[in-house]
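Please prepare a short report on the structure shown below.

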Amino acid sequence: MPSHAGRRAGTRLGYAAVWALLAISGIVMIEPAPFDLTLILVAALMFLAGLRIPAWCVTPTALLILFLGFGAIAATQTPELADSLRHVAITAYLAVATLFFSCFVYRNPERALKVMFSGYAIAAVIAVIAGIIGYFSLLPGAFDLFTENSRARGTFKDPNVFGPFVIAPALYAFHRLVEGAGKAAPYWAMVFLLTTVGILLSFSRGAWGHYVVSFAVCLFLLFATGTSARLRLRVTALTVILVLLGGVALAGIISLQPVADLLSVRFQLVQDYDVAGGAGRFEGQVFALKRILHNPLGLGAYGFASLWPGGAPHNVYLYAFLIGGWIGGLAFVQLVVLTAVVGLAAAVRPSPLRGPAIILVSTFLGLIALGLVIDIDHWRHFYLLVGAIWGLAGHIMRFYAPARSLRSAARKPTSGAPIRP
């Protein structure tokens, strides 16, 4: 049997490994990414070291297994069998990632989320700095390496993934400032401003909309569950200050003609490729719906692309039905809905973990709204959020008493009312 000191050292090593894992999570210019290989190793070692799977995690795990199982059946419906099965295998790996993060957070959410958000913030800063260096050509060859179509992509392959990736650290930084970060306040202010600039320079309409939705939900939940007028005033004052600073930074960036020109194009609600005759985004979604109704077993991951010149349906929910059939698609949609529900329940229940719950569910709600116009089923941070929300919600539901309403939740102390196990 290992000694107490040995167990503590092993625990510290485990948290350090997860911090490092999140710190490299933004480096995804190659496949498999360093994050993928490291996650497999860290998860295997921690499960072998005694990380347990709580009964609470059965629901998301069962839904993911349903999605995977019927995805494998759907793969047989397309000539691109090997590619479709490869897609299912990647989804299986991401499902394991969800299970790992839910178990890791459930065990000690306060410590786990602090470590995870700290590493995640480092990853976001690295990605954004790379994007800024590339966008403004601050180093030789950086423009070609860190941008795509004059849009910052940082250490990602796609600006449309880069922008949404840094939203969770932006909200976390904002919340740290609201809480009063003390000597660390300048660092978190820098994280917030950098991530906001990164979202802007991605020139992703989806990322901009995601950021607005997530930030609005975060503010609403902070006000609705706030325990004092002083806290609400602090949230309001900080929001005004950051908006003003962001406005100054935006004005400075827009003064650069290339930025202004691209913004004028990207701010248009509908782009040419949304309505391109015979291959537009919206036409593809209508066509996908028709194929779903006529193919209850699905078409596999690449079956739709062989039928539609636009390639993908650009809607993760339609795509889930295409790659998992009716049952697999329903399982995916149910996973998304239940994750949002348990996340909101955790966010309004009085506990010292309410802040992280608000950040996670706010980010998740913006992300699943983005899923209406883009396929997010293989985005790593989608599964990270799902796992973290289930792990945190499970802990809160078990150990803290519920509030009868948002108003009563706001009147209760943030420490909540623990339930003795």
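## A buried aspartate

Asp-377 is buried (under 20% relative accessible area; exposed is over 50% and partly exposed in between, with a 1.4 Å probe and protein chains only), yet Asp-377 has no salt bridge. The nearest side chain of opposite charge, Arg-86, is 11 Å away. Here Lys and Arg count as positive and Asp and Glu as negative, while His and the chain ends are not counted. A salt bridge is a side-chain nitrogen of Lys or Arg within 4 Å of a carboxyl oxygen of Asp or Glu.

The side chain of Asp-377 does make a polar contact of 3.3 Å with the side chain of His-87. A polar contact is a pair of N or O atoms within 3.5 Å; within protein, one must be able to donate a hydrogen and the other to accept it, and residues adjacent in sequence count only if both atoms are side-chain atoms. Asp-377 is found in the loop between helix 15 and helix 16 (380–399). Helices (H or I, at least four residues) are DSSP runs, numbered from the N terminus.

## Basis of the model

The model is predicted: local features need pLDDT of at least 70, side-chain atom pairs count only at pLDDT 80 or more, and totals for chains, interfaces and linings use all residues. Residues are numbered from 1 along each chain as its sequence is written, and side-chain values use heavy atoms, with hydrogens and water left out.

## Salt bridges

The structure holds 4 salt bridges. One of them pairs Arg-380 with Glu-31, with the closest N and O atoms 2.9 Å apart. Arg-380 lies in helix 16 and Glu-31 in the loop between helix 1 (4–23) and helix 2 (34–48), so this pair ties together parts that are 349 residues apart in sequence. Arg-380 also forms a salt bridge with Asp-36, where the closest N and O atoms are 2.9 Å apart. This second pair links distant parts of the chain, with Asp-36 in helix 2 and Arg-380 in helix 16, 344 residues apart. Glu-31 is partly exposed, with a relative accessible area of 44%, whereas Asp-36 is buried at 7%. Glu-31, Asp-36, Lys-157 and Arg-380 are linked in a network of salt bridges.

Arg-153 and Glu-148 also meet through their side chains in a salt bridge, at 3.4 Å from N to O. Arg-153 is buried, with a relative accessible area of 15%, while Glu-148 is partly exposed at 29%.

## The loop between helix 1 and helix 2

Pro-32 lies in the loop between helix 1 and helix 2. The peptide bond joining Glu-31 to Pro-32 is cis, with omega about -5 degrees. Ser-25 is found in the loop between helix 1 and helix 2 and counts as buried at 7% relative accessibility. The side chain of Ser-25 reaches the backbone oxygen of Leu-22 at 2.6 Å.

## Positive phi angles

Most residues other than glycine have a negative phi, and most peptide bonds are trans. Which residues other than glycine have a positive phi here? Ser-137 has a phi near 50 degrees, and Phe-203 has a positive phi of about 50 degrees.

Ser-137 lies in the loop between helix 5 (109–135) and helix 6 (142–146) and is partly exposed at 44% relative accessibility. Phe-203 is found in the loop between helix 9 (185–201) and helix 10 (205–224). At 0% relative accessibility, Phe-203 counts as buried.

Helix 15 (residues 354–370) has 17 residues and spans 24 Å from its first C-alpha to its last. That is close to the 24 Å expected at 1.5 Å a residue, the expected span being 1.5 Å times one less than the number of residues.

Trp-308 is found in the loop between helix 13 (281–294) and helix 14 (316–348) and counts as buried at 10% relative accessibility. The C-alpha atoms of Trp-308 and Ala-288 are separated by 8.7 Å, and these residues are 20 apart along the chain.

## A nonpolar surface patch

Phe-136, Leu-138, Leu-139 and Leu-256 form a nonpolar patch on the surface, with about 360 Å² of accessible area together. Patches are made of residues with over 30% relative accessible area and no salt bridge, where like charges are joined within 9 Å and nonpolar side chains (Val, Leu, Ile, Met, Phe, Trp, Tyr) within 5 Å. Accessible areas come from the Shrake-Rupley method with a 1.4 Å probe, and for residues only the protein chains shown count as cover. Leu-256 lies in the loop between helix 11 (229–254) and helix 12 (257–266) and counts as partly exposed at 36% relative accessibility.

Technical notes:
Helices (H or I, at least four residues) and strands (E, at least two) are DSSP runs, numbered from the N terminus.
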